[in-house]
Amino acid sequence: MLSYLLILVKLSVTFVLTPILVRSLGIEGYGLYTLVGALAAYLYILDFGMNDAVLRFFVIHENNTDERDEFLAKILSVYCVLGGSVLGVAFGISTVIDPIFGTSVTTEQVAMLRNMIMIAGVGAGVLVALNPVGALLSATESFVFLRATEIAITIFATLVMVAALLVGGNAVHMVMVTTAFSVLQGLLRLGYAIYFLRARVRLSFPELSLLLKVWRYATPIFVAMIAETLFWRLGAILIGVMLGAAAVAVYSVGVTFNKYFMNFATALSRVMTPELIRKVDQGADAEALLEVMIRVSRLQSMFLLPVLGLLVVFGQRFLALWLGPEFGHSYWIMLAVLGPYTLELTGNVRNVVLQVKGLYWQKSRITLATAVLNIILTVVLIQIWGIRGGAVSTGIAVTTG
């Protein structure tokens, strides 16, 4: 229930905050802000998909705190190195902003983009370094704390962003606020693990055999993460390169509801992850696993399909009242992407079963192939239909997948 409340809070924040951001930053300023979000998403995949693998191994060690803490120490060392690599990559991206975006944005906007990428890089580096702590909390089913802190962080971050806008803040200040609260959330999780779970947080050199074991589990997940990030984030970047920051803003509003649909669908599957891992480890047959998958999928579709219907009927008028007539194209972008994506999300609990059963490579191959298809179609269709072309290409690729 807290997961659903979190989704409701984030959706409410989007309804309230997006018009304020658009009016305060301007369409181009809002476009830059969302563009940085798209670029920053690539930094978060540098944990190489190991977070789900780490959660799986925490469940294995859940009855022995000494083994759990030893595993935590070794995997934290690995993630600290990964966090440092995220900072390095962020710096590298900031140095090539001008040649990539210089033809579609102004010199001042290039400077803002560079600053925002570095700020977002610091936050991403800290969060990646602390990823194992979040996995530990999920493995111990500390969902009340996880969701309650996310709700509180979302509300307070929004209030601070509005306050910053009222005193003349720009897109750079918005990224600073979101980064600061993301880091705070990571530190709160660390404190909970130490104080309530009695975890001994330290660093220890991991053995090669352990790294190989985790890496074998994580590799297909990492490939799927790369593919999914390319799939969902590259469209905004290509639009920014080819059409400019204002077009990114219109496109981003059109795909805004995607993340809320995904959040609702994954809220159920994430809560079920530790239980599904235990069932597989205990030798549950296909019939027992299928029963769980059907039960979760029905709950997902009971929410997703009616909301999709409401957006189809009322979405165009809603977007015009919410943000203004200049976002009219966003409705068609929303329909082109959200329709196929809703069908894909219904039943995504299957991904957990595929991971634990060692079959996740099948999904990774499909997602990677459709990501490549999406990139090719996006480049072609943007030249034919503009912003709508980027959405149509994504819809075709999701349906194919």
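This is a predicted model: local features need pLDDT of at least 70, side-chain atom pairs count only at pLDDT 80 or more; totals for chains, interfaces and linings use all residues.

The largest nonpolar core has 71 residues, and a search of the whole structure turns up 11 aromatic pairs. Helix H12, meanwhile, bends by about 65 degrees at Phe314.

**The bent helix**

- Helix H12 runs over residues 286-323, and its end C-alpha atoms are only 48 Å apart.
- A straight helix of 38 residues would span 56 Å, at 1.5 Å a residue.
- Look for the bend of about 65 degrees in H12 at Phe314.
- Just after H12 comes Gly324, with a positive phi of about 115 degrees.

**The nonpolar cores**

- In the largest core, with its 71 residues, the ones with the most contacts inside it are Leu21, Tyr33, Phe101, Leu113, Met116 and Met174.
- What does Met174 touch, leaving aside residues up to four places away in sequence? Its partners are Leu21, Leu25, Tyr33, Met161, Ala164 and Leu165.
- There is also a second, separate core of 53 residues, and among its members are Leu72, Ala124, Phe143 and Val296.

**Aromatic rings**

- The search of the whole structure finds 11 aromatic pairs, and one of them is Phe58 with Phe71, an edge-to-face pair.
- The rings of Phe58 and Phe71 sit 5.2 Å centre to centre, with 85 degrees between the planes.
- Phe58 belongs to helix H2 (residues 50-60) and Phe71 to helix H3 (residues 65-95), so this pair links distant parts of the chain, 13 residues apart.
- Phe145 and Tyr192 make a stacked pair, at 4.1 Å centre to centre and 20 degrees between the planes.
- Because Phe145 lies in helix H7 (residues 143-166) and Tyr192 in helix H8 (residues 171-195), their pair ties together parts that are 47 residues apart in sequence.
- Tyr192 has a relative accessibility of 18%, so it counts as buried, the cut-off being under 20%.
- Elsewhere, ring pairs join Phe15, Phe257, Phe318 and Trp322 into a cluster.

**A charge over a ring**

- Arg198 puts its charged end over the ring of Tyr195, 5.6 Å from the ring's centre.

Definitions and conventions: Residues are numbered from 1 along each chain as its sequence is written. Side-chain values use heavy atoms; hydrogens and water are left out. Helices (H or I, at least four residues) and strands (E, at least two) are DSSP runs, numbered from the N terminus. The expected span of a helix is 1.5 Å times one less than its number of residues. The bend at a residue is the angle between axes fitted to the seven residues ending there and the seven starting there. A nonpolar core is a set of buried Ala, Val, Leu, Ile, Met, Phe, Trp, Tyr and Cys residues joined through side-chain atoms within 4.5 Å. Buried means under 20% relative accessible area, exposed over 50%, partly exposed in between (1.4 Å probe, protein chains only). Contact means heavy atoms within 4.5 Å. Rings of Phe, Tyr and Trp (its six-membered ring) pair if their centres lie within 6.5 Å; planes under 30 degrees apart count as stacked, over 60 as edge-to-face and the rest as tilted. A charge sits over a ring if NZ of Lys or CZ of Arg is within 6 Å of the ring centre and within 35 degrees of the ring normal.
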